[in-house]
Each structure stands twice: as C-alpha cells, then as structure tokens.
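Dear colleague,

I am passing on the structure below, and would be glad if you could look through it alongside the notes that follow.

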Amino acid sequence: MEKLNDIKFIAVICLTLGLAPFTPPHIWEKAQWIAGGAKGMQAMDWFDVVLHGTPWVLLLRAIVLKYVLK
C-alpha cells in the first residue's frame, strides 16, 4: 500500500502505462474523444480510459496528499 503514495513509483507508471502507446499518447486521444461528446464509445473504450487514466489519478492524489494536505 505504500507504493500508492510513492510519487516516484507512480510517475514511472504514468510514463509507461499512462502514456502507452506513445505516439500519440492513448489517454490524450481518449480524453479528446470524451471532450467531443464520447459519441460511439463502447465498453472497451471506457475500460481503456480507466486503465490509462488510473495512474494519473493516483499521481494527482499522491501530490495532493504530500504537498497540499501536509
């Protein structure tokens, strides 16, 4: 459970799973698709958003816990 609060560990996960595939970052494409209304998104697309977005949520959470809520 300590790894969920380790910013360095989570940053590595963000740079690997969070951005894969790298050209262009998959999560960026999905975010644009959702911002455009998410028309045509299926269950697999939403699973992709959760899979590639979770590391970024964990990183934001770790930063808030470490630096904002001292």
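Where is the place of A20? A20 sits in the loop between α1 and α2 (26-35), with helices (H or I, at least four residues) taken as DSSP runs and numbered from the N terminus.

Before going further, please keep in mind that this is a predicted model, in which local features need pLDDT of at least 70 and side-chain atom pairs count only at pLDDT 80 or more, while totals for chains, interfaces and linings use all residues. Residues are numbered from 1 along each chain as its sequence is written, and side-chain values use heavy atoms, with hydrogens and water left out.

Neighbours within four places in sequence aside, A20 is in contact (heavy atoms within 4.5 Å) with H26 and H52. The C-alpha atoms of A20 and H52 are separated by 7.7 Å, although these residues lie 32 apart along the chain.

H52 also belongs to the α3 side of the contact with α2, where H26, I27, K30, W33 and I34 of α2 meet D45, W46, D48, V49, H52, G53 and W56 of α3. By class, these residues divide into 6 nonpolar, 3 polar and 3 charged, counting Ala, Val, Leu, Ile, Met, Phe, Trp, Tyr, Cys and Pro as nonpolar, Asp, Glu, Lys and Arg as charged, and the others, Gly among them, as polar. The axes of α2 and α3 come within 9 Å and cross at roughly 120 degrees, the axes being lines fitted to C-alpha atoms over the stretch in contact, with angles running from 0 to 180 degrees between N-to-C directions. The two helices are therefore oblique to each other (under 35 degrees is roughly parallel, over 145 roughly antiparallel, 65 to 115 roughly perpendicular, and the rest oblique).

Within α3, D48 counts as buried at 14% relative accessibility, and touches H26, K30 and G53 when residues up to four places away in sequence are not counted.

Helix α1 (residues 7-16) also packs against α3 (residues 43-68), their axes coming within 9 Å and crossing at roughly 160 degrees, so that these helices are roughly antiparallel. The contact involves I7, I10, A11, I13 and C14 of α1, and residues of α3 including P55, W56, L58 and L59; by class it has 12 nonpolar, no polar and 1 charged residues.

Key:
Buried means under 20% relative accessible area, exposed over 50%, partly exposed in between (1.4 Å probe, protein chains only).
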